Amino acid sequence: VISVNGEREVLATESATPRSGNSLVTEFALHQNYPNPFNPETSIRFDLVENSLVTLTVYNVAGQEVATLVNGNLNAGSHTVNFDGANLTSGVYLYRLTAGEFTSTKKMVLMK
């Protein structure tokens, strides 16, 4: 505020910088792991619109289950799970998220 005699006075300040961490989840989503290719650790991120019974499983290309990363109820929101492939051989792996009626599968590459 500037008064009639030219004096300035700050009443309040407000920041309008958007923050991605506070974003609203509007749909179920399984994101690409990062980094990809990885050695030996990677992160898998997924979004849940509502509280759900969630399974996140890793398979080899022969369809054999090699790891279960999540198996239980999770709250709505964004989630990140770390995966350590130190005990696996180099190659292509698939990871599948099932949450309620939503299912999605993505490919990742382990390079040692």
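This is a predicted model: local features need pLDDT of at least 70, side-chain atom pairs count only at pLDDT 80 or more; totals for chains, interfaces and linings use all residues.
**View A. The rings of F28 and F102 form a stacked pair.** The ring centres of F28 and F102 are 5.5 Å apart and the planes stand at 15 degrees; the cut-off for stacking is under 30 degrees, so this pair is stacked. The pair links distant parts of the chain, since F28 belongs to the segment before strand 1 and F102 to strand 7, 74 residues apart. F28 has a relative accessible area of 22% and is partly exposed. F102 is also partly exposed, at 21% relative accessibility.

**View B. F38 and F83 form an edge-to-face aromatic pair.** Their centres are 6.1 Å apart, with 65 degrees between the planes. This pair, too, links distant parts of the chain: F38 sits in the loop between strand 1 and strand 2, F83 in strand 5, and 45 residues separate them. F38 has a relative accessible area of 3%, which is under 20%, so F38 counts as buried. F83 is buried as well, with a relative accessible area of 4%.

**View C. N33 lies in the loop between strand 1 and strand 2.** N33 is buried, its relative accessible area being 3%. A polar contact of 2.6 Å joins the side chain of N33 to the side chain of Q32. Apart from residues up to four places away in sequence, N33 touches F38, T42, S43, I44, Y95, K107 and M108. F38 in this list is a member of the edge-to-face pair with F83.

**View D. Three strands make an open antiparallel sheet in the order 1-2-5.** Strand 1 (29–30) and strand 5 (77–84) are at the edges; each has a single partner strand, so one side of each has no neighbour in the sheet. Strand 2 (residues 41–48) and strand 5 run antiparallel and are joined by 8 bridges. E41 stands opposite D84 in strand 5.

View E. Strand 6 and strand 7 run antiparallel, with 9 bridges between them. V92 has V109 in strand 7 as its bridge partner.

**View F. Y93 lies in strand 6 (residues 91–99).** Is Y93 buried or exposed? With a relative accessible area of 5%, which is under 20%, Y93 is buried. A polar atom of the Y93 side chain lies 2.8 Å from the backbone oxygen of T89. Neighbours within four places in sequence aside, Y93 is in contact with V58, Y59, N60, V66, L88, K106, K107, M108 and L110. The C-alpha atoms of Y93 and G63 are separated by 9.1 Å, and the two residues are 30 residues apart along the chain. K107 and M108 are also among the residues that N33 touches.

Technical notes. Residues are numbered from 1 along each chain as its sequence is written. Side-chain values use heavy atoms; hydrogens and water are left out. Helices (H or I, at least four residues) and strands (E, at least two) are DSSP runs, numbered from the N terminus. Buried means under 20% relative accessible area, exposed over 50%, partly exposed in between (1.4 Å probe, protein chains only). Contact means heavy atoms within 4.5 Å. A polar contact is a pair of N or O atoms within 3.5 Å; within protein, one must be able to donate a hydrogen and the other to accept it, and residues adjacent in sequence count only if both atoms are side-chain atoms. Two strands pair if DSSP finds at least two bridges between them. Rings of Phe, Tyr and Trp (its six-membered ring) pair if their centres lie within 6.5 Å; planes under 30 degrees apart count as stacked, over 60 as edge-to-face and the rest as tilted.
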